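Here are my notes on this model, in numbered points. Have the structure open while you go through them.

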Amino acid sequence: MQNINPSHSIARRGRFYLFFGGLAFLGGAIALTLAVLFFYFPLWETGSFAIVRALLILIGILALIGGIGLIVRALTLQKDNPLAYAVGEALGQFLDNRYTYLRNVSKRRVGYIDAVLVGPPGALVFRIVDYPGQWINERSEWIVKTRNGKMSPAKTNPTRECVKDVYALRKFLAKHGLERVPVYAIVVFTSPNVQLAASGPVVPICEIPTLYQIMRRDYLTDERIAPQAIRGTVDAIIDG
């Protein structure tokens, strides 16, 4: 099995953010400069010119903020995902070279996905977390044990996050003519200090030691797509 970090795709997305962030910042600076210049023309203090100046100030400030936000986003894109790498190493112990594991997937038309496994059974979307403590999954909801020993709804929901990633990937693959590739989901907890319990989970959940066992119940039950579809799916996620 190949354990790949599509770093050039992340770099391309970073360049996209930098380019449009720079344009927005430059546009905002120009708008504010024009607004300041209006102060030196008293005849323009009345009528529509005053409105134009106010609009330029507003647009300039918003463009500057947006540009800075895009630039910061470009500079802080996650270059790799250590948790996803660890899961990939575990998968490599029981999957052959027909499988490709893509970690740290970051695409404009998909968003961010921790990892996607592509092979004869189809595509498998991973939501990988390192939350410690006692976690209980009831269908699509999560309950966690708090510090005072009480059970309360979790502040984060890895199941819903994973389902969102599945829908995004399905839509993306359909646009590349790969709508027949089935997309599955799994939530993996990597912390050695976690206690998991489940009641009718919508998305399968597991820890790394039980990963293969859980995958055999759903994803690995059949070979559903041809080698050409596997290659096409991998290429679309990397370069699409």
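**Notes on the strands, rings and cavity**

1. Start at the hairpin of strand 5 and strand 6: two residues sit between the strands, and R139 takes a positive phi near 55° there. The strands run antiparallel and are joined by four bridges; strands pair if DSSP finds at least two bridges between them. R139 itself is in the loop between strand 5 (133-138) and strand 6 (141-145). For the numbering, helices (H or I, at least four residues) and strands (E, at least two) are DSSP runs, counted from the N terminus.

2. A word on the source: this is a predicted model, where local features need pLDDT of at least 70 and side-chain atom pairs count only at pLDDT 80 or more, while totals for chains, interfaces and linings use all residues. Residues are numbered from 1 along each chain as its sequence is written, and side-chain values use heavy atoms, with hydrogens and water left out.

3. Is R139 buried or exposed? R139 is exposed, with a relative accessible area of 54%; the cut-offs are under 20% for buried, over 50% for exposed and partly exposed in between (1.4 Å probe, protein chains only). Most residues other than glycine have a negative phi, which makes this a spot to look at. N104 also has a positive phi, of about 60°, although it is not a glycine. N104 belongs to strand 2 (residues 100-107) and is buried, at a relative accessible area of 0%.

4. Now follow strand 6 onward. Three bridges join strand 6 to strand 7 (residues 151-153), and the two run antiparallel. Their hairpin has five residues between the strands, with G149 at a positive phi near 90°. Strand 6 has a covered face made of W142 and V144, and an uncovered one made of E141, I143 and K145.

5. Strand 8 is another matter. Seven of the seven residues of strand 8 (residues 183-189) are buried, so the strand is largely enclosed by the rest of the structure. In a regular strand the side chains alternate between the two faces of the sheet. Here V183, A185, V187 and F189 point one way and Y184, I186 and V188 the other, and all are buried.

6. Which strands pair with strand 8? Strand 4 (residues 122-129) does, in the parallel sense over seven bridges, with A123 bridged to V183. Strand 10 (residues 205-207) pairs with strand 8 in the parallel sense too, over three bridges, and C206 in strand 10 stands opposite V188.

7. On to the rings. A search of the whole structure finds nine aromatic pairs; the rings of Phe, Tyr and Trp (its six-membered ring) pair if their centres lie within 6.5 Å, with planes under 30 degrees apart counted as stacked, over 60 as edge-to-face and the rest as tilted. One of the pairs is F19 with F20, edge-to-face at 5.1 Å centre to centre and 85° between the planes. F20 is partly exposed, with a relative accessible area of 39%. W135 and W142 are also edge-to-face, at 5.9 Å centre to centre and 70° between the planes. W135 is buried at 6% relative accessible area, and W142 is buried at 3%. Y131, W135, W142 and F189 form one aromatic cluster.

8. Check the cavity as well. The structure holds one cavity of 30 Å³ or more, and about 40 Å³ of space lies in the largest cavity. On a 1 Å grid over the protein atoms alone, a cavity is a set of points where a 1.4 Å probe fits but cannot get out, and lining residues have an atom within 4 Å of a point. Points are joined across faces, edges and corners, and the volume is the space filled by probe spheres set on them. The lining consists of L124, A185, I186, P204, I214, M215, D218 and Y219. Strand 8 and helix 5 (211-217) are the elements that give two or more residues to this lining.

How values were computed. 1 Å grid on protein atoms, 1.4 Å probe; cavity = no way out; pocket = protein on both sides within 12 Å on 5 of 7 lines; lining within 4 Å.
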